[in-house]
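I opened my notebook for a first look at this structure. These entries follow the order in which I looked things up.

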Amino acid sequence: MNNLINRDKRITGKSKIRLFVKKNASGWLFLLPTVLILYTMVWRPTVMAGVWSLFKMRAYTIGEFIGLNNYKMVISHSQFVPILINTLKYVFWSLIIGFIPPVVLAIMINEVVYFKSASKIILYLPTIVPGIVCMIMWTYIYSPEPTGLLNMLLSKVGCGSFGWLNNPDFTIVGIIIMKTWKGLGGAMLLYYAGLQNVNSELYEAAVLDGAGMWKRAWNVTRPALAATLVLNFVNQINAVFQTLDEPLTMTGGGPNGASATLAYQLFQYGFRSGGKSTGQAMALGVIIFAILIVLTIFYFHVNKKIEENY
Amino acid sequence: MVIIKEENFMRTKFRRTVSFILAGVMITALSTGCGKQAKDKDESGRTIVSVSNYPSAEGKAKDNFDNAIAKFEKNNPDVVIKPDQWTFDLKSFYAKAAGGQLPTIFNSYFTEVGPSIEAGYISDITDVLKKRGYEGKFNPVLEDIIGRDGKIYAIPSSAYVLGLAYNVELFEKAGLMNEDGTPKQPKDWDEMVEFAIKIKEKTGAAGFQFPSTDNAGGWIFTCLAWSYGADFVKENEDGGYTAVFDSPEAVEALQFLKDLKWKYDVLPAEMLVSNSKTEEYFGTGQVGMYITAGDYPTKLKAYNTDVDTIGLMALPAGPKKHVTLLGGGVKMISANATEDQIDAAIRWHESSMNYKLTDNVKESINNTLSNMVENGILVGVKSMSPWSKETEYLNYYYDMIDEYANSDMNHVKLYNDFVENCPAEVRPEERICAQELYAILDTCIQAVWSDENSDPSEVLAKANNDFQNDYLNNY
């Protein structure tokens, strides 16, 4: 009797597996291409970089095991701390300059009656300008020559020329202004979409209660956008922390290292060292990964909280 | 009911088939992309040689390349040429090399020969070159660059020394041209500054330009500092290295660059300048002079620079030395190549460039020069040759430059004379951690240009210390 029950259980178990496979096989197969691409392009390189960062690398050929020596070289490099501070400055200025304008613009567009669509299109246009074109264009806008666009405007109002990106105190701010101009449209649309979900009766009630524009924005709009605001905040920190293209294209990390970032330093190790510093490039990659993974965990934590609440 | 069941069944079957096909395609695509050692012989036993720099765009250059392949394979029935569109760039080179994906023979630069030897990515070609009669045929100044410990690892395909490019129109306006069409030659850096001041005064354009980013500024600064008597890295008795560019000589050279901006004001306002930005400034007539190599006309093509408005002359001397920096291009052969492939690859190279003056070589030279003329690139600069003066190639090449010249040869005469009977010391670039050195020197240049009160001796002392600790101590 017991044997019969066990056999039935086995059959049930087997058929359960068969059923599971039958039911999910096509789903897994549809996922397979993505998994393979992620494995080849992301997971494997990430893990291998971590492993190889413990070896003496001659370009991409593995040498002897050297433990944490590459990490030691990266962290004790004379430019590591200044570059880490630069990277944090990028994040700081991006939050100061770039975080609020998309929200304000989204609220403004939501409020206007005429030219709503035209305004959305105009504000979104910079987002579709290819990155490299945008950087070259802003290099000319910021040109310290008298023929630079901003310097021409300054001369019209009787001021002298300014160094813009050549000025070590302005270079990061300048790059963040450009990044904000480029990314503002996308973020603004996200907030605008969020605003569409706000029940207009809430505003009407607030008006009846005597709330002014600022009070309405704080008490009605802000809670409605809270989820998007927090996610964009963390996303922005994550993205800006990895800034590479702008210093590479617009300033060469200068002047005197003032605009160099951790990602730029990784590029220098990886591609401008004649293959000597590949190991350090991988070690720095792991360090950046570790910093970002903390932010990402925080991001998922916040995301979960938001999903639970809204 | 039955119909619905059948529909569901068909749908599931269809979905499953599609997913299987998709997965199959992806797996095939990914597996074909994986590194696999290339074959060295084809089915009929011919040696396969893959060659870089195959033009991607349809046109004359691609037709010439195809014709060269057809002709070579006809004359060398034991070899089959596989063209590869990859052209050398640092971002892909080391990854391709480590993955065994380099073409058999590929173009590269002097600067990459040393690191490629150290990484073991290129073949020792000494024996094949000896067998093919190359002994004594290369320009002797290149021996240290293409070889190590008596062995040869690269074939030089071009060579140049730094000179001083100038804008003919700005020179004319500043009264710096002679009646015969040659420019006045600044004999030293001080005189060059005088020229730059004159250009600025008479034309409003910047007199001089010097790069400061992407390691380009550091590269040229080494040459400038040598002329002040400075050195950069000294080999110790124990085999280690010491940075020595905190010397008064190097400080004097950096002070010179600082003065160009703050004392003489002859530079453009933009101080974050890459090589290509320097070329843009010069190619569009915004600066009077810049330091560059003999191959610069090709780089100005992007700006449609009128060939009659540009010229080249000798590099001015420094207070201690007259010295110029050597650079150029090489052909390297992948470390995976077999003996047969090395031999066949060198034969392929010889079909377009050979110390012996074959018909193919003549045709190749004519094609190159006529292409330059067609594309509006200045022909007239007689750069340093990879070959020794005795070779037939060199004499023919120089004769053809005279024949195809598309501008006043006097505009480049002073550079050509400088190359032919070089009064200056010709030095290859620094060998130890060169790129890192250039990067750190770039920041020194930016430091003295961005702060009028900066002290070059402090800037260099810090850079010297950082370079020692960050790189030389770990070398």
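**Where the two chains meet**

I began with the area buried between chain A and chain B, which comes to about 3,500 Å², with carbon and sulfur atoms giving 60% of that area. I keep in mind that this is a predicted model. Next I looked up who touches whom: 39 residues of chain A are in contact with 44 residues of chain B.

**Links across the interface**

How many salt bridges does the rule find across the interface of chain A and chain B? I noted 3 salt bridges there. I looked up the one that joins the side chains of A:Lys276 and B:Glu436, where N and O are 3.6 Å apart. That distance passes because the rule asks for a nitrogen within 4 Å of a carboxyl oxygen.

Which helices of chain A supply at least two residues each to the side that touches chain B? My list has helix 1 (2–52), helix 2 (69–76) and helix 12 (262–271). Helix 1 of chain A gives the most to this side, with 9 residues. I also sorted the residues of the side of chain A that touches chain B, and they divide into 16 nonpolar, 18 polar and 5 charged.

**Two threonines in chain A**

I turned to A:Thr261, in the loop between helix 11 (245–251) and helix 12 of chain A. Is A:Thr261 buried or exposed? Its relative accessible area is 0%, so A:Thr261 is buried. Leaving aside neighbours within four places in sequence, I found A:Thr261 in contact with A:Ile83, A:Thr87, A:Tyr90, A:Thr243, A:Leu244 and A:Pro247. I also checked A:Asn86, which is 175 residues away from A:Thr261 along the chain, yet their C-alpha atoms are separated by 6.1 Å.

My other threonine was A:Thr180, found in helix 8 (residues 171–196) of chain A. A:Thr180 counts as buried because its relative accessibility is 13%, and the cut-off for buried is under 20%. Not counting residues up to four places away in sequence, A:Thr180 touches A:Ile97 and A:Gly98.

**Aromatic rings**

How many aromatic pairs does the rule count over all chains? The count comes to 43. I looked at A:Phe99 and A:Phe233, an edge-to-face pair with 5.4 Å centre to centre and 80° between the planes. A:Phe99 lies in the loop between helix 3 (80–98) and helix 4 (100–111) of chain A, and A:Phe233 lies in helix 10 (residues 213–241) of chain A, so the pair ties together parts that are 134 residues apart in sequence. A:Phe99 counts as buried at 11% relative accessibility, whereas A:Phe233, at 32%, counts as partly exposed.

Why is the pair of B:Tyr393 and B:Tyr397 stacked? The ring centres are 5.9 Å apart and the planes lie at 25°, so B:Tyr393 and B:Tyr397 form a stacked pair, the cut-off for stacked being planes under 30 degrees apart. Both tyrosines lie in helix 15 (residues 392–404) of chain B, 4 residues apart, which is about one turn of the helix. B:Tyr393 is buried at 7% relative accessibility, while B:Tyr397 is partly exposed at 27%.

My last entry is a cluster linked by ring pairs, made up of B:Trp86, B:Phe88, B:Phe93, B:Tyr94, B:Phe106, B:Tyr109 and B:Tyr121.

Definitions and conventions:
Residues numbered from 1 in each chain as written. Chains lettered and ligands numbered in written order. Predicted model: local features only at pLDDT ≥ 70, side-chain atom pairs only at ≥ 80, totals over all residues. Heavy atoms only, no water. Contact = heavy atoms within 4.5 Å. Buried area = accessible area lost by both parts, 1.4 Å probe. Nonpolar A, V, L, I, M, F, W, Y, C, P; charged D, E, K, R; others polar. Buried < 20%, exposed > 50% of the residue type's maximum accessible area, 1.4 Å probe, protein only. Phe/Tyr/Trp six-rings, centres within 6.5 Å; stacked < 30°, edge-to-face > 60°.
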